[in-house]
Every structure is written in C-alpha cells, then in structure tokens.
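Visitor: I would like to learn how to read a fold from its model. Where do we begin?

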Amino acid sequence: MKIIVCIKQVPDTNDVKWSRDNNLIREGLISIINPYDILAIQTALDIKEKIQNTKITLLSMGPACAAEALEDGLGMGCDEAYLLSDKRFSGSDTLATARTLSHAIKNIIKDFDLIITGQFATDGDTAQTPYSLSNMLDIKNIGYVCKIDDVKEDEITVLSAKDNGIYKIKGKFPLLISISKYDGKIYKPKIQDYIKAQNTEIKILNSDDIKIDTELTGIKGSPTYVKKAFRPQNERKCVFIETGDILNEIKTNE
C-alpha cells in the first residue's frame, strides 16, 4: 500500500505577529508539526503495521525550515518526504494550498492508495484544505475520522465522529481521510530514529518542478484573505445569588 501523509509546520507559541497583509509572520517562532498531523502520521504507521509492504510518503509546503517537521515525521517511521518550497507559494489560502499539493501529487508522487491529513491546522482551524485537495484529485473524502476500524489492501473502514453521532464508513481506494482524534499511543522517536531521518534525503520542489502556474499559487492564487486578526477579549460578569428567589434576583441584577 502507498500512503501520502500531508503535514504542516505550525508555530508553537501564543505570541504570534501578523504582517501588513494579515499573514502570520513565522520568522523567529518556535515551530512544530501541527498536532492533528501527528495523529495522521501515527494512523499511517498503524496501517503500515497491519499491511505488508506499505510505504509512507510525507508531503508538506512551507519555507526551508519546514524540513525540520518532515525530519520529525521520518523519525517516527515514515519512508520518504517531499517539501514544496518556493517564495511564490507564500501567503497561500486553503484553496491555493490544496491546488499546490495536488500538483505535487499528480506530477511527482503520482501513485498512491490513501492520503491522510489532520482535520485541522492550529494556525488556521478552517478544516478546508483536505476537502479541497480530494476534490482536485477527484477522489472521495472521509472527514472527522476518530478510529480505523479495519483496513485491507483495497479498502478501509473508519469511524467518523460528527455532531449527531459516530458513523462507521467504508471507503475504496484511492481515498483521502482526515483525522480528528486518536486514542492510541504516539510513537516518540529515539536517537537512532533521528539519525536515520537526518540521513534520509528530503526532496525539495519548487513551482517549476510540480508544473504549476504561479498565478494560481501564493497570494495571487488566493481568493480569500485575512481582513483582520485580533485577540478575543473575554469579559465576564459574575452575579452572586444570596436569596431563595433566584429568578427575581437575576432579573434585578440585569
């Protein structure tokens, strides 16, 4: 089986800064693998244990420093990694990001059975990229996956947690699934794992390599933008009820 896991490097801090274009300034920030993407990697590793000859390919888009996140993924047990890095990708919204990832998959990786992503990214939290990516690749998508129930050479059965219940869904490959929850143990790489990861080549690709029109990438290719970014102000008013007539007391304080 051939699995692609799409991951993203995100800031590990609450002290974020924004550019004049309302894009996140990532320089100087401590960065980590998006937590939901770690769940996606671990899910792929679990499948690899069950299905022989499974190959896991990591795919990410970002600046050169995003290679650190790919190294961490390789250290967990993935087999190879691609980084899409080009200044012309900078400022991409979810649509432009999905478009760029899809070109890399179509023109470079090409052969796959299953794509696994995190459901959300902690620096955006839109959950739009997985659905856009599956649409551009013309494959089915199962979102909000909380458990892998069964996996075979040509299909997978998952549990998907929605607001109104948990659904058991079976999907034939090729397929994309988005992970929102994982109850198992996350593998923590050892020193030898990191050494192996550092000795594994991370293939860095630009817009020419993946054959994408740069008018469709980055800010140019993004129909949406952040109009305003701000910290929410939490204002709480506490009312102490001392009498037995609670409803009248509340109305009086209002």
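Guide: Begin with strand pairing. Two strands pair if DSSP finds at least two bridges between them. In this predicted model, Leu58 has Ala81 of strand E7 as its bridge partner. Strands E6 (residues 55–61) and E7 run parallel, joined by five bridges.

Visitor: How does the chain get from E6 to E7, and with which hand?

Guide: The path goes through helix H2 (residues 67–76). This β-α-β crossover is right-handed.

Visitor: Which strand pairs with E7 over four bridges?

Guide: Strand E13 (residues 202–205) does, again in the parallel sense. Leu84 stands opposite Leu205 in E13.

Visitor: How do I read the two faces of a strand?

Guide: In a regular strand the side chains alternate between the two faces of the sheet. Now apply that to E7, residues 80–84. Glu80, Tyr82 and Leu84 are on one side, and Ala81 and Leu83 on the other.

Visitor: Are the faces of E7 covered or exposed?

Guide: Both faces are covered. Five of the five residues of E7 are buried. Tyr82 also has a charged neighbour: Lys203 lies over the face of the Tyr82 ring, at 5.2 Å from the ring centre.

Visitor: Let us move to E1. What are its partners in pairing?

Guide: E1 pairs with E6 in the parallel sense over five bridges. E1 also pairs with E8 in the parallel sense, over four bridges. Ile4 shows both contacts: Ile4 stands opposite Thr57 in E6, and the bridge partner of Ile4 in E8 is Ile115. E1 is mostly covered, with four of its five residues buried.

Visitor: How many helices and strands are there in the protein?

Guide: There are seven helices and 13 strands. Of the 254 residues, 42% count as buried. Among contacts between residues at least 6 apart in sequence, 69% join residues at least 24 apart.

Visitor: How do I read the nonpolar cores?

Guide: Look for buried nonpolar residues joined through their side chains. The largest core here has 37 residues. Those with the most contacts inside this core are Val5, Ile116, Ile156 and Ile177. Helix H1 gives the largest share, six residues.

Visitor: Which residues are in contact with Ile177, leaving aside its neighbours within four places in sequence?

Guide: Among them are Leu114, Ile115, Ile116 and Thr117. The list also includes Ile142, Val145, Ile148 and Ile156. Another core, of 21 residues, lies apart from the 37-residue one. Tyr82, Ala104, Leu205 and Ile212 are among the residues of that other core.

Visitor: How do I read the cover over a helix?

Guide: In H4 the buried residues are Pro130, Ser132, Leu133, Ser134 and Leu137. Their cover includes strand E1 (2–6), helix H3 (94–109), E8, E9 and strand E12 (175–179). Asp138 follows H4, with a positive phi near 60°.

Visitor: How many aromatic pairs does a search of the whole structure find?

Guide: Two. Tyr36 and Phe120 form an edge-to-face pair, 5.3 Å centre to centre, with 65° between the planes. Tyr36 is in helix H1 (residues 35–50), and Phe120 is in the loop between strand E8 (114–118) and helix H4 (129–137). The two residues are 84 residues apart.

Visitor: And the other pair?

Guide: Phe120 and Tyr144 are edge-to-face as well, 5.9 Å centre to centre and 70° between the planes. Tyr144 lies in strand E9 (residues 140–151) and Phe120 in the loop between E8 and H4, so this pair ties together parts that are 24 residues apart in sequence. Tyr36, Phe120 and Tyr144 form one aromatic cluster.

Visitor: Is Lys170 buried or exposed?

Guide: Exposed, because its relative accessible area is 55% and the cut-off is over 50%. Lys170 lies in strand E11 (residues 165–172). Leaving aside neighbours within four places in sequence, Lys170 is in contact with Glu155, Ile156 and Thr157. Thr157 is 13 residues from Lys170 in sequence, and their C-alpha atoms are 4.2 Å apart.

How values were computed: Residues numbered from 1 in each chain as written. Predicted model: local features only at pLDDT ≥ 70, side-chain atom pairs only at ≥ 80, totals over all residues. Heavy atoms only, no water. Buried < 20%, exposed > 50% of the residue type's maximum accessible area, 1.4 Å probe, protein only. Right-handed = clockwise from strand over helix to strand, strands pointing away. Phe/Tyr/Trp six-rings, centres within 6.5 Å; stacked < 30°, edge-to-face > 60°. Lys NZ or Arg CZ within 6 Å of the ring centre and 35° of its normal. Core = buried A, V, L, I, M, F, W, Y, C linked by side-chain atoms within 4.5 Å. Contact = heavy atoms within 4.5 Å.
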